[in-house]
Amino acid sequence: MRTISRVLSGFMLVIGTAGCGGGGGNGVTPPPPPPPPPPPTCPANTICMNAAVFTPTSRTVAVNTAVTWTNDSAVEHNVTFSTPSAALGVSGGASGNFSAPSPSTNQRQFAAAGSYPFTCTIHGAGMSGTVVVQ
């Protein structure tokens, strides 16, 4: 009876050790997963509209360079300039402020050097930006 008891005790010890992950224990931890990819960047001379922010919030361009606003956010926005007469439409002769339903693309050009702040009046002062023309 004692032999059976020892065999069973030994068997239980082996099962207990195997169940605790005793598979070698080399102490090496697996490497962490790679970081997520960076968010997409907005193309040069473009201001992208996200759910509640312009990205980037500031663009610097040369005089008479076309600046593009792109809205792919599935949220309606608008662009309202502090000086709407300074922002000339690139096509169609429109000038200044514009609505930006999603999806949409609008371009404006600035004939004079200066700083041209704008906001989305739908989302308030927290959604604002500036075009700097040199």
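Is S99 buried, exposed or partly exposed? Select S99 and see: S99 is partly exposed, because its relative accessible area is 48% (buried means under 20% relative accessible area, exposed over 50%, and partly exposed in between, with a 1.4 Å probe and protein chains only).

Before we go on, please note that this is a predicted model, in which local features need pLDDT of at least 70 and side-chain atom pairs count only at pLDDT 80 or more, while totals for chains, interfaces and linings use all residues. Residues are numbered from 1 along each chain as its sequence is written, and side-chain values use heavy atoms, with hydrogens and water left out.

**Stop one: around S99**

Stay with S99, which lies in strand β7 (helices, H or I of at least four residues, and strands, E of at least two, are DSSP runs numbered from the N terminus).

**Stop two: the open sheet**

Next, colour the five strands of an open sheet, which has the order β2-β1-β4-β8-β6 and mixed pairing (two strands pair if DSSP finds at least two bridges between them). At the edges stand β2 (54-55) and β6 (87-89), each with a single partner strand, so one side of each is left without a neighbour in the sheet. Strands β1 and β2 pair in the antiparallel sense over two bridges, and here you will find M49 opposite F54 in β2.

Select T46 in strand β1, which covers residues 46-49. T46 counts as buried because its relative accessibility is 8%. Beyond its neighbours within four places in sequence, T46 is in contact with T55, P56, R59, T68 and T70.

**Stop three: the disulfide**

Bring up C42 and C48, which form a disulfide with sulfur atoms 2.0 Å apart (a disulfide is a pair of cysteine sulfur atoms within 2.5 Å). A search of the whole structure finds one disulfide. The torsion about the S-S bond of C42 and C48 is about 95°, so this disulfide is right-handed. Both C42 and C48 are buried.

**Stop four: the nonpolar core**

Which residues have the most contacts inside the largest nonpolar core? Select F54, W69, F81, F110 and V131; the core they belong to has 19 residues (a nonpolar core is a set of buried Ala, Val, Leu, Ile, Met, Phe, Trp, Tyr and Cys residues joined through side-chain atoms within 4.5 Å). Two or more residues of this core come from each of β1, β4 (66-71), β5 (77-81), β7 (98-100), β9 (114-120) and β10 (124-133).

Centre the view on F110. Not counting residues up to four places away in sequence, F110 touches a set of residues including V63, W69, F81, Y116 and V131. For the rings, select F54, W69, F81, F98, F110, Y116 and F118, which form one aromatic cluster.

**Last stop: β9 and its partners**

Strand β5 pairs with β9 in the antiparallel sense over two bridges, with F81 opposite F118 in β9. On to β10: β9 and β10 pair in the antiparallel sense over seven bridges, and a hairpin joins β9 to β10 through three residues. Select P117 and its bridge partner in β10, T130. Finish at C120, which counts as buried because its relative accessibility is 0%.

Technical notes:
Contact means heavy atoms within 4.5 Å. Rings of Phe, Tyr and Trp (its six-membered ring) pair if their centres lie within 6.5 Å; planes under 30 degrees apart count as stacked, over 60 as edge-to-face and the rest as tilted.
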